[in-house]
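User: Hello! I am new to this structure and would like to learn how to read its features. Could you walk me through some of them?

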Amino acid sequence: MKIYNVGILGGTGMVGQRFIQMLHDHPWFKINVIAASPNSAGKTYEEAMQGRWLLDENIPDNVKNIKIKNVNNIDEISQNVDFVFSAVNLSKDEIKKIEEDYAKHEIPVVSNNSAHRWTQDVPMIIPEINPEHSEIIKAQRKRLNTKRGFIAVKPNCSIQSYTPALAAWKDFEPYEVIATTYQAISGAGKNFNTWPEMVGNVIPFISGEEEKSEKEPLKIFGHIEDDKIINAVEPVISSQCIRIPVLYGHTAAVFVKFRKVPDSKEELILKLREFKGVPQKLNLPSAPKNFIQYFDEDNRPQVKLDVNFENGMGVSFGRLRKDNIYNYKFVGLSHNTLRGAAGGAVECAELLVAQEYI
């Protein structure tokens with residue numbers, strides 16, 4: 001297997017740190033470049049991260065002495081990487097420009113950022129659900145006038161806690177969904193030391209999150225037509241997003257209406273437990289063996305017990321039951337910085353390698 005030299009753009013932030021932690025012993029990908037703002041450029045990664053490392057795990061030894069490059073030095077960086085992961089912390093317009101600039105330098109970009117999620121020829125991929133959307137890359141390359149370069153993105157972290165269930169149940173045609181997500185503080189790039197006011201607190205607003213929660217699944221369930229990804233029109237989703245005092249793990253309380261209502265909840269549970277995707281068939285390095293687990297116990301899933309299922313790359317569901325207004329309701333849980341952020345992007349890159357786009 002070829003070893004790919006990888007760059008991490010925005011390697012000093014929380015998602016960048018998670019990329020560092022996930023990739024330090026990856027069988028396909030080797031961290032060759034870490035890039036960040038001009039303020040960090042020239043320092044070793046260990047020097048730049050003094051007092052800024054947010055993860056429980058220590059900084060991996062093999063990156064401590066890598067000298068950080070200025071993320072704007074695209075000419076230099078592009079000569080030393082096969083592709084990059086993007087987790088830069090800039091304005092949306094700045095992110096759009098810098099990711100396109102890397103792509104135009106013939107460097108594939110796999111982004112954790114939201115800036116390009118609504119660019120119609122940029123695939124937004126959950127590898128188990130819509131791997132075929134990578135086909136739009138051919139159209140994107142035509143627009144960018146590139147041979148290798150392109151941008152692919154992963155979706156918002158919180159939708160991972162309910163969208164997989166809707167995908168598993170597509171035969172029953174879910175058409176209306178209410179989803180309330182209870183989101184960990186690491187989703188804001190913080191921990192309890194850097195955000196002490198979240199201890200014992202709940203904040204009933206996360207900027208921009210509800211729009212993402214309602215619309216992004218529709219792009220994932222959409223189809224390619226005339227060199228664009230056309231969004232699905234259903235299920236119609238209404239969402240509320242709440243920040244809670246948990247470090248890792250986004251929980252969702254979800255209500256669903258089906259056009260073809262199953263005869264029993266056991267049919268729905270079976271669909272969850274049997275659901276697999278291309279990453280499982282290809283045995284991609286970061287892919288969970290079991291993408292979805294379902295709990296029969298009334299008190300599961302729980303963040304403390306279940307957030308690290310399949311190394312944080314699996315999704316957990318439970319409390320499926322009939323509802324008085326909707327057909328069924330359930331609770332979901334996903335790891336927001338692994339499945340929902342860096343891990344989802346790494347698995348996406350593995351898929352793109354297997355599909356020969358990288």
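Analyst: Gladly! Let us begin with aromatic rings. This is a predicted model, and in it ring pairs join Y4, F19, W28, F29, F83 and F85 into a cluster.

User: How many aromatic pairs are there by this rule?

Analyst: The general idea is that rings pair if their centres lie within 6.5 Å. By that rule the count comes to 14 aromatic pairs. One of them is formed by W169 and F258, with 5.8 Å from centre to centre and 75 degrees between the planes. Planes over 60 degrees apart count as edge-to-face, and the W169 and F258 pair is edge-to-face.

User: Where do W169 and F258 lie?

Analyst: W169 belongs to the loop between α6 and β7, while F258 is in strand β11, so the pair ties together parts that are 89 residues apart in sequence.

User: Is W169 buried or exposed?

Analyst: For this, look at relative accessible area: buried means under 20%. W169 has a value of 1%, so this residue is buried. F258 counts as buried too, at 3% relative accessibility.

User: What kind of aromatic pair do F317 and F330 form?

Analyst: F317 and F330 form an edge-to-face pair, with 5.5 Å between centres and 75 degrees between planes. This pair links distant parts of the chain, with F317 in strand β13 and F330 in strand β14, 13 residues apart. F317 is buried at a relative accessible area of 1%, and F330 is buried at 3%.

User: Now for a helix. How many residues does α4 have?

Analyst: Helix α4 covers residues 92-104, which makes 13 residues. To read a helix, compare its span with the expected one: α4 reaches 18 Å from its first C-alpha to its last, close to the 18 Å expected at 1.5 Å a residue. Just after α4, E106 takes a positive phi of about 65 degrees.

User: Which residues of α4 are buried, and what covers them?

Analyst: The buried residues of α4 are I95, I98, E99, E100, Y102 and A103. Their cover includes the strands β1, β4, β5 and β6, along with the helices α3 and α5.

Technical notes. Residues are numbered from 1 along each chain as its sequence is written. This is a predicted model: local features need pLDDT of at least 70, side-chain atom pairs count only at pLDDT 80 or more; totals for chains, interfaces and linings use all residues. Side-chain values use heavy atoms; hydrogens and water are left out. Helices (H or I, at least four residues) and strands (E, at least two) are DSSP runs, numbered from the N terminus. The expected span of a helix is 1.5 Å times one less than its number of residues. Buried means under 20% relative accessible area, exposed over 50%, partly exposed in between (1.4 Å probe, protein chains only). Contact means heavy atoms within 4.5 Å. Rings of Phe, Tyr and Trp (its six-membered ring) pair if their centres lie within 6.5 Å; planes under 30 degrees apart count as stacked, over 60 as edge-to-face and the rest as tilted.
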